[in-house]
Amino acid sequence: MDPSTDRIAHPWGGRTPYAPHEPWPVRVDTHLADGVRTGEVQRWVQAASLLHSDGDAMDIAVKDDRIVGVRGRAGDRVNHGRLGPKDLFGWQANASPDRLTRPLIRRQGRLVEVDWPTAMGAVVAQSKELLDEQGPGSIGFYTSGQLFLEEYYTLAVMARAGIGTNHLDGNTRLCTATAGEALKQSFGCDGQPGTYDDIDHADVIALFGHNIAETQPVQWMRMLDRLAGTEPPRLLCVDPRPTPVARAASIHLAPRSGTNVALLNALLHEIIRTGRTDPAFIAAHTVGYEELTENVKDCTPAWASSICDVPAARIGEAAELVGSAERLLSTVLQGVYQSHQATAAAVQINNLHLIRGMLGRPGAGVLQMNGQPTAQNTRECGANGDLPGFRNWENDEHVADLAEVWNVEPGSIPHYAPPTPAMQMFRYAEQGSIRMLWISGTNPAVSLPELSRMRSILAQDRLFVVTQDLFLTETAQLADVVLPAATWGEKTGTFTNADRTVHLSDKAVEPPGDSRPDLDIFLDYAARMGFRDKDGGPLVHWADPESAFEAWKHCSAGRPCDYTGLTYRQLRGSTGIQWPCNEQAPNGTARLYTHGITWAHPDVCESYGKDLITGAADSVVEYRSLNPDGKATIRPGEYLPPHEVPSEDYPFQLTTGRTLYHFHTRTKTGRVPQLNAAAPEVWVEISANDAVELRLDEGDLVEVATPRGAIRGRLRVTGIRPGLLFVPFHYGYWDTPGGYRPEADTTGRAANETTITDWDPVSKQPVFKTAAAKLTCIESSDGRVSPAPTTTASAPVEGSHLPPTSGGVPAHSTQEVDRETEVNG
Amino acid sequence: MNGIALILRVLRDGETELAEGLLATGQRHRAEHEIFHVSTDLAQWSREHAQRIAEAIEREDHARPEEASGPHSDLVPRSQNREPRPERACSQPALLLLRDLRDLHLGASANSLYWEMLAQAAQARTDTRLLSLVSACHPQTVRQMRWTNTMIKSLAPQLLTNL
Ligand code: SF4
């Protein structure tokens, strides 16, 4: 293996092939700032990646109190030393010259610098006034998927029991809400059943709407290494784009957008028809199998074929592949979660595993993935529209139990209605019933659908907007108060990845200027607001990350996400640890449900279930009679056509998504030279057929318009399914003259100018994948090429001879195979 | 007219009205995006129900032609009156939304009760065709009721305490 590689040109680095059931070899990836040699690093500080949900463990290199690079942690169970391109280069954003260093307040329409007491004083005065005038329902909190556990927990206590508001959600609503909801629907409780180690054992891996090569590159390296070894697994890829996964797959299905449920119902139909179920598992561990059989009775491949526009024979082959697997691993992400009928589809994937008995043993697992690094923490801490510790807001005993943990009256924790999801919070703000919105670590002015609507909501005079961030993001430019926050590497805390692995991330350097850790900001607010428990003591009685973690442990005790066996000391060890971790499982737990379903009993479950089509809540009485013994619930879902379909005016389907080199609204990654250069501008992907028909070429400047807005970008002709356009999301405006919006008289570049305001009624996750659009050519390429990378799903069709994406010397990183280190876990 | 034919007619009207009500509510509250999209989806169920009931009515009339033209009984009131109502009580859009959801809920509940009656009658007459019609449609009516109930439960606290 080449020890030094351009990791922009070769994002997944070199191969270390391995056979099934063998440990994945260790390969340590390192990138240090130009001119810094390993020997000059003064300190290595333990951390993990904050730029996707893998939780790649790494050490931060420090020299002269500056971050100068990163190195993968060889002994960690998640990445075995590897790092993805965002991990290798992303840290440089911390030192950007345009970091916020002082709080800002809007005065006469302009944001001006002030000190902390002034800024916090304004926030507190506004909060108190609103509480007096209008009550807790007038205040909402919208947080991130990128803070630490300690911060979410503090925020949850503050919002739920301090303010007493029902309006608290994370932007994990955009990426992970469906994963959590699907797990609750099937297993009665959130929590990833499987583990990344299942990749080492599976004989078939099915990736549903999951371009893992770009969203979790390190686990893709693991799959590539298995594919390069003996007895490689076979891959099923369901994705309308020619992703790297699709190229490596034995079977690639490219369904029409918005038809996942039809496709999955056909797969279930075939598996049942061919008798490839596991009747013993179904009888022992599930309820609802008959309803599923009934629901998919007529869902033949031929039926699905006309809906999905995929040949029936290929659907049959796919069913054969997953039906004949001995150890089936399925992974799911945005192609399902951000699409039409998100939860119904995700649940059908759980059903596939339940009826085949593919759960709870090595290689047989489901990974309902997360998009963001600490999405799992928003869910378990209750910062996302759940109660902390996966408690059920409809179960009075759970609320009473939480009230005891917090030493408050149960009545002071709002639980009269489900916690308000983000999209509904913005609707309340639009209507004027929410009058203060505190936005921490996220950028809705770029990431939410229908941006002109978002901008008009955030810009309202009657809405007091607080943002807490590293930079003057598009959202911060619309705020009334801006609080400068410290980030990864500048503060300490823990976070939990998509497979329940908890990592500690330590402070390596001081944050710039007066910026402060998010935890300190929340603690300051709690103190100034004087939140009290029922005995008059402070409600938020911790003072730093470690004491916040201890408080959380107390809250998690006896719950599925039990952290009681973990300590900061232990987490400063060689590897991350998977929850639950307690007395019974002191080394953590690799797989849930190894001996049956454990958290679905009516008395302990997190949710009594919802109608997969309407989102209507089932009652406890129904749940008890359906599932008295707490087995897994097989919930059928019928296919419904998407809400916006192509028409004469808008003949294309439009889908949007994340790509390899960038992350959430490019706030950090857009400030990293190697990553920014790899994909500096938005682009538009079209299929070769459509390009020929419309006489369009690589590099043509086109406009993509929907009834809500338009964007312009240069065209890339790829193997995407005909009739579909793809636009990478989260190119915003902070690095353009417009600042937070398209410049006057120009067309935008943020994909969400065009997306529809519509969400899955079950998980409340917005739909970013099924808009109808038209395409107009603005000017022909004149030899220019599209800025789309050639290394990823946006690779040009064969024979196009475009210059390959590369990073050159600045992107060179080392990779060393290490045969000595043993990986625990 | 026999009782079953009568209830079928009432239910056909009820389902037609509910379909219209769902669509109208969606249109009136387009900015309530979840209401708009889901009510439009659910209107489709009622439309299909009305269609299938109409087919059942035809079969019924065919089987008992002498009763088909019997007078409409007043014993069974029309399920809902969907004339647009004066807006006076509900000048606030938030209240209007709750009222519309309430109306939909009542409409669906009325339909559900008629389905119940039909189911009982179908059993008494051992009419398997009718029974299978009921078992195909009635669960969806119940789901419509649950949806309006859930939406009211989620929205009412915010809408009523922050007027
Ligand atoms: S980029 Fe968007 S979808 Fe991806 S993790 Fe961030 S918020 Fe979620």
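Tutor: Chain B and chain A bury about 2300 Å² between them. Of that area, 49% is on carbon and sulfur atoms. Keep in mind that this is a predicted model.

Student: Why quote an area lost?

Tutor: Because the size of an interface is often given as the accessible area lost when the parts come together.

Student: How many residues does each chain put into the contact?

Tutor: Chain A gives 32 residues and chain B gives 22 residues.

Student: And how many salt bridges across the interface?

Tutor: The rule finds five between chain B and chain A. One of the salt bridges pairs Asp611(A) with Arg143(B). Their closest N and O atoms are 2.6 Å apart.

Student: What about residue pairs in polar contact?

Tutor: There are 15 across the interface of chain B and chain A, with both residues at pLDDT 80 or more.

Student: Switching to the ligand. Where does it sit?

Tutor: In the largest cavity.

Student: Which residues surround the ligand?

Tutor: Cys175(A), Gln334(A), Gln338(A), Gly371(A), Gln372(A), Arg658(A), Phe663(A), His664(A), Phe729(A) and His730(A).

Student: How does that shell split by class?

Tutor: Six residues are polar, three are nonpolar and one is charged.

Notes:
Residues numbered from 1 in each chain as written. Chains lettered and ligands numbered in written order. Predicted model: local features only at pLDDT ≥ 70, side-chain atom pairs only at ≥ 80, totals over all residues. Heavy atoms only, no water. Near = heavy atom within 4 Å. 1 Å grid on protein atoms, 1.4 Å probe; cavity = no way out; pocket = protein on both sides within 12 Å on 5 of 7 lines; lining within 4 Å. Sits in = over half its atoms within 2 Å of the grid points. Nonpolar A, V, L, I, M, F, W, Y, C, P; charged D, E, K, R; others polar. Contact = heavy atoms within 4.5 Å. Buried area = accessible area lost by both parts, 1.4 Å probe. Salt bridge = Lys/Arg side-chain N within 4 Å of Asp/Glu carboxyl O. Polar contact = N/O pair within 3.5 Å; in protein donor to acceptor, adjacent residues only side chain to side chain.
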